[in-house]
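Dear colleague,

I am passing on the structure below, and my notes on what was found in it follow directly after.

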Amino acid sequence: AYAGPSRDEVIALRKQYVSPGVITYYREPLMVVEGHMQYVWDETGKRYLDAFAGIVTVSVGHCHPKVVEKVRAQTGELQHTTTIYLHPALPQFAEALAAKMPEGLSRSYFTNSGSEANEIAILSAREYTGNTDVIALRNCYHGGTATTMGLTAHGTWKFKANQAPGIHHTHAGYCYRCPYGLEYPSCDLKCARDIEDVIKYQTPGEVACFIGEPIQGVGGAVTPPKEYFQIVYDIVRRYGGICIADEVQGGFGRTGTHYWSHQNWDVVPDAITMAKGIGNGIPLGAFTTTEAISEVMTRRVHFNTYGGNPISMTQGLATLEVIDEDGLQQNSLEVGGHLKDRLHELADKHSAIGEVRGLGLMLGVELVTNRQTREPATQLAADVLEAMKLRNVLVGKGGLHGNTLRIKPPMCITKDDADYLVAMLDECLRDLTG
Ligand code: PMP
């Protein structure tokens, strides 16, 4: 049983010593002291189904035995020296990652977070092309450092003092809230084609890169139509840019049909950034690209003290192995498909559900106050989060209006867990809107 400080003591300590910028979920913040696979426990021993996975980080399961065992062994042997000395774990993990990549993407640079991986991606694109301008998508999230906060396109996440130059935003493929009020497919993907105007009017006519999440995470599982990324990638390449897929949330088998979420759109990016699920919860990010693009990092000296450390590399390698050994991509396909079907059934019953979207175990449920006007049900989403927690299920929320429930559990979740989640969501919606 848990024997540490009480929840109240932890809250008091945080109040006194921790930056108020470190936010918590829930009116009564939840304390989590233990985790195993798809479940976590609070300090009283109450068990929760973790359908948010530490914000899509715990890919193979909390404290997966194989991952824990490998990292425990490595921790006792060598924790850190930096990459100025050789250690086998770094190139071994890079090799394993390359084996999962589209052809041609073989060179990895390791960081400690997704923000850093995206910083390296933008830096590399600018050096490689000689261009400065970068195009990102509205409603995206790419991090909290200066450049990545600039990429991020939600006013709520952008500090006034930190406006990164050279970044432009084009429309996401967000059909439910089409900026043109059009319908797919008669819209002819106007949202995707807009990037050409952005390039022509807002840049010197040449760009460094486009960066996009194939399925938007923080943005609320926004999933564009099938032609979307082909159109965008073609245009960007015509204007000299490279295409970067941010696979921080969508990668590693989570979408079920493919290992990488971009593969659902039949495109091949020039570079991929990763974090979160890559290491099942350890600070680990990566930027993987072609041999030619990777060369630009030799133009000056770039160094990341903890990037590529033996502990993270070992945990990353063990995580990749477990995704295959435990058949987690297949499980994402099966359980995710089942869960999505069940959520669609709920939508037939509850008019507050405006749209169910996403792929595999990367799902979003957008809540509205009125199905005709599609007015965002921001308060309802917040209430549902609380009510789900009282029923022992943790989910997330996202989107500019915070009205999309985000369901992205560890990929080891079972059909029974999915059924439980849906039954609880049914109850919550009935109680809160009934
Ligand atoms: N890209 C995406 C798609 C993300 O969701 C996040 C984190 N939410 C990041 C990048 C940034 O990762 P980190 O918080 O590890 O810096």
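A crossing of two helices is called right-handed if the near helix is turned clockwise from the far one by less than a right angle, and left-handed if it is turned anticlockwise. In this predicted model, the crossing of H7 and H8 is right-handed. Helix H7 (residues 190-202) and helix H8 (residues 228-238) pack with their axes 8 Å apart and at an angle of about 15°; because angles under 35 degrees count as roughly parallel, H7 and H8 are therefore roughly parallel to each other. On the H7 side the contact is made by Ala-192, Arg-193, Ile-195 and Glu-196, which meet Tyr-228, Ile-231, Val-232, Ile-235 and Val-236 in H8, and the residues of this contact divide into 7 nonpolar, no polar and 2 charged.

Turning to the domains, the chain is divided into domain 1 (7-60 + 327-433) and domain 2 (66-325), whose C-alpha centres lie 25 Å apart. Domain 1 gives 30 residues to the contact and domain 2 gives 29 residues. Among the elements that give two or more residues to the side of domain 1 that touches domain 2 are helix H2 (53-56), helix H11 (328-349) and strand E16 (404-407), and the largest share, 6 residues, comes from H11. That side of domain 1 divides into 11 nonpolar, 14 polar and 5 charged residues.

As for the ligand, 16 residues surround it, the closest being Ser-113, Gly-114, Ser-115, Gly-143 and Val-248. Helix H5 (residues 114-129) gives the most to this shell, with 3 residues, and the shell residues divide into 5 nonpolar, 9 polar and 2 charged.

With best regards

Notes:
Residues numbered from 1 in each chain as written. Predicted model: local features only at pLDDT ≥ 70, side-chain atom pairs only at ≥ 80, totals over all residues. Near = placed C-beta within 6 Å. Helix = DSSP H or I, 4+ residues; strand = E, 2+ residues; numbered from the N terminus. Nonpolar A, V, L, I, M, F, W, Y, C, P; charged D, E, K, R; others polar. Axes fitted to C-alpha atoms, helices over the stretch in contact; angles between N-to-C directions. Parallel < 35°, antiparallel > 145°, perpendicular 65-115°, else oblique. Contact = placed C-beta atoms within 7 Å. Domains from an automatic or database assignment.
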